[in-house]
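We will go from stop to stop, selecting a few residues each time.

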Amino acid sequence: MKPTLLFHLSDIHFGLEDTRALEWVVECIASEKPTAVLITGDLTMRARHREFAAACRWIAALGPPVTVEVGNHDMPYFNLAERFVDPYRRFRAVEAVLEKQLDLPGISIVPLKTVTRAQWRFPWSNGWVTAKALTETLAALDALPAGKRALVTAHHPLTERDPTGKRLTINGNRAMGELARRNVLGILTGHVHDAFDLTQQTANGPLRMIGAGTLSKRIRSTPPSFNELTVSDAGVAVKVRNLEAVPTPAMQIDQVPENALPPRKPEEPVAPVATVPAVDPPVH
Ligand SMILES: [Fe+2]
Ligand SMILES: [Fe+2]
């Protein structure tokens, strides 16, 4: 099979986008012509109409087919009534220029929804794979022709707990186990604004988790970037492309954090208290 080139972008956050990085991405897409562009959510900063309009114009001019997952920033933030009644109304404005699912030669792109309009916990920005969302994704995977491989696209990494035991994505373990038993080459996500390429062990075998960084000014610990994915018979090769020419391993974090907040700096050394130098008392 001829290798398929895909660009995995995430967290552009129109409204707080990095215009220099976006211009560079447009040039890369125009010259390298990926088969598709996969955007794993947080298209906007505050789900404002003008932010969605800017996203729409940018996507429509790209050329290749584009998929976008809904991110937690893509639901109304200020208008709670709308958030409860019709949370995806604004996102639907961009759906006209998007593909929901993509069937490419040798690989299918299947979405998984990980956002909810509200949760019984705070923050609501964390992920939740509802039973309905997982059922829909598994049905789409199971409907693929025998032997067809898939990449699943979602906004939140599916990691269910951080090393301290804190709950991140609700139902993430179950979702990863179900994906691992199918012909899924990896789950592509965003949300944390740093790239990673990790393998999660599940009860049904390993699952590759590939995260893309951000193309916004809201950076966490690495400069703006996107993932170049090359899908071949051997699997998926990932390169983290960035304007600073930082090598891929240095761009990838080794653990999935809770969110996009910058990591806490190591404790600053405490400034020494000014002391009177110890000197022998004068002798009279
Ligand atoms: Fe984000
Ligand atoms: Fe997010």
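With which residue does Arg 167 form a salt bridge? Select Arg 167 and Glu 160: they form that bridge, and their closest N and O atoms are 3.1 Å apart. A salt bridge here is a side-chain nitrogen of Lys or Arg within 4 Å of a carboxyl oxygen of Asp or Glu. Arg 167 is partly exposed at 28% relative accessibility. Glu 160 is buried at 11%. Buried means under 20% relative accessible area, exposed over 50%, and partly exposed in between, with a 1.4 Å probe and protein chains only.

**Before moving on**

This is a predicted model, in which local features need pLDDT of at least 70, side-chain atom pairs count only at pLDDT 80 or more, and totals for chains, interfaces and linings use all residues. Residues are numbered from 1 along each chain as its sequence is written, chains are lettered from A and ligands numbered from 1 in the order written, and side-chain values use heavy atoms, without hydrogens and water.

Select Lys 166 and Glu 258. Their closest N and O atoms are 3.0 Å apart, in another salt bridge. This pair links distant parts of the chain, 92 residues apart. Lys 166 is in the loop between β6 and α6, and Glu 258 in the segment after α7 (248-251). Helices (H or I, at least four residues) and strands (E, at least two) are DSSP runs, numbered from the N terminus. Lys 166 is partly exposed, at 38%. Glu 258 is partly exposed too, at 23%.

Now select Glu 51 and Arg 48. Their side chains meet in a salt bridge of 2.7 Å, N to O. Glu 51 is buried at 3% relative accessibility, while Arg 48 is partly exposed at 26%. By the salt-bridge rule, the count comes to 11.

**Helix α6**

Next, select residues 172-180, helix α6. How many of its 9 residues are buried? The number is 7, so the helix is mostly covered. Among them are Gly 172, Met 176 and Leu 179. The buried residues pack against α5 (131-142), β6 (149-153), β7 (184-189), β8 (196-202) and β9 (205-211). Contact means heavy atoms within 4.5 Å.

Glu 178 is also among the buried residues of α6.

**The iron site**

Select ligand 1, an iron ion. In sequence, the spacing of the donor residues is D-x1-H-x28-D-x150-H.

Asp 42 bridges the two iron ions, which lie 3.6 Å apart. His 13 lies in the loop between β1 (4-9) and α1 (19-32), and Asp 42 in the loop between β2 (36-39) and α2 (49-60), so the pair ties together parts 29 residues apart in sequence. His 13 is buried, at 0%. Asp 42 is buried as well, at 1%.

**Last stop**

Finish with Leu 80, which is in helix α3 (residues 80-85). Leu 80 is partly exposed, at 44% relative accessibility.

Definitions and conventions: Donors are N, O and S atoms within 2.8 Å of the metal (3.2 Å for Na, K and Ca); water is not among the atoms, so sites may look incomplete.
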